[in-house]
Amino acid sequence: MYNDITGIILAGGKSSRMGINKALLPLNGNPIIEHIASLVKSLFPSVILITNQPDEYSFLGLETFVDIYPGRGPLAGIHSGLIHSNTERNFVISCDVPLVTKELLEYIINYKTTYPITLLKADGYIQHLCGIYSKSLSLIGELILTGKIVSDYPIQKNKCNMTELLKYKGAEIIECENVPCYSEGMLLNINKPADYKTLLDKS
């Protein structure tokens with residue numbers, strides 16, 4: 001167990017492309033989010049859930065918090081998680097990547113870096129919601145509220161997002177093709193009905 005890291009599960013998406021709450025879709029008899037919660041709890045003694053629908057996830061028995069700045073996307077979810085965390089290092093993971101493994105998460109955790117953020121890149125995309133974030137990233141709140149982080153780093157209007165945060169602070173981006181415990185499809189995001197069908201076919 002990693003006592004110095006808090007596990008932060010994000011379940012704040014609207015599931016608009018799926019049409020129903022994707023976190024509660026069944027996988028081998030249990031909701032997808034339950035698979036994520038079990039994995040995260042096997043690694044970290046402290047686990048919190050960030051969601052704006054806490055009643056829907058009471059069955060998980062996790063300490064739950066809402067977004068401090070609702071309606072601002074995943075950046076707001078990460079912000080709330082970091083504010084409510086009691087550790088400097090935090091593993092942030094979304095509720096819709098049920099094929100990730102304990103070995104892959106441990107690879108990220110143990111990767112040596114001086115950056116405050118450590119993320120994976122798979123299939124050409126940076127996986128913003130599966131990685132380590134430092135609690136010292138208190139600037140996220142300023143980014144959400146004002147659209148800029150510091151006076152000499154303006155953020156374009158409507159660009160208050162993860163990409164801007166990474167550009168400003170920098171991040172350790174791990175190419176999945178160089179990770180021995182990674183296999184194709186492990187970071188499949190369940191966003192659309194077709195993704196869910198793919199998940200069921202792989203399970």
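Here are some questions and answers about how the terms used for this predicted model are decided.

Q: What ground rules apply to this model?
A: The model is predicted, so local features need pLDDT of at least 70 and side-chain atom pairs count only at pLDDT 80 or more, while totals for chains, interfaces and linings use all residues. Residues are numbered from 1 along each chain as its sequence is written, and side-chain values use heavy atoms, with hydrogens and water left out.

Q: What makes up the secondary structure of the chain?
A: The chain has six helices and eleven strands. Helices (H or I, at least four residues) and strands (E, at least two) are DSSP runs, numbered from the N terminus.

Q: Why is lysine 22 called buried?
A: Buried means under 20% relative accessible area, exposed over 50%, and partly exposed in between (1.4 Å probe, protein chains only). Lysine 22 has 12% relative accessibility, so lysine 22 counts as buried. Of the 203 residues of the chain, 48% count as buried.

Q: Why is glutamate 88 called partly exposed?
A: The relative accessibility of glutamate 88 is 44%, so the residue counts as partly exposed. Glutamate 88 sits in the loop between α2 (74–84) and β6.

Q: How do you know that lysine 22 and aspartate 96 form a salt bridge?
A: A salt bridge is a side-chain nitrogen of Lys or Arg within 4 Å of a carboxyl oxygen of Asp or Glu. For lysine 22 and aspartate 96 the N to O distance is 2.8 Å, and their side chains meet in a salt bridge. Lysine 22 is in the loop between β1 and β2 and aspartate 96 in the loop between β6 and α3, so the pair ties together parts that are 74 residues apart in sequence. Aspartate 96 is buried too, because its relative accessible area is 8%.

Q: How many salt bridges are there by this rule?
A: The count comes to three. One of them joins aspartate 195 and lysine 192 at 3.5 Å, N to O. Another joins lysine 197 and aspartate 201 at 3.2 Å, N to O. Lysine 197 and aspartate 201 are both in helix α6, four residues apart, about one turn of the helix.

Q: What makes the buried residues of α6 lie on the same side?
A: Asp195, Tyr196 and Leu199 are the buried residues of helix α6 (residues 193–202). They cover an arc of only 100 degrees around the axis, which puts them on the same side of α6. The arc is that of the directions from the helix axis to the C-beta atoms.

Q: What makes a set of residues a nonpolar core?
A: A nonpolar core is a set of buried Ala, Val, Leu, Ile, Met, Phe, Trp, Tyr and Cys residues joined through side-chain atoms within 4.5 Å. The largest one here has 36 residues, and those with the most contacts inside it are Ile9, Phe44, Phe91, Ile93 and Leu187. Helix α1 gives the largest share of this core, five residues.

Q: Which residues is phenylalanine 91 in contact with, leaving aside its neighbours within four places in sequence?
A: Contact means heavy atoms within 4.5 Å. Among the partners of phenylalanine 91, with those neighbours left aside, are Ile5, Phe44, Leu105, Cys130 and Ile132.
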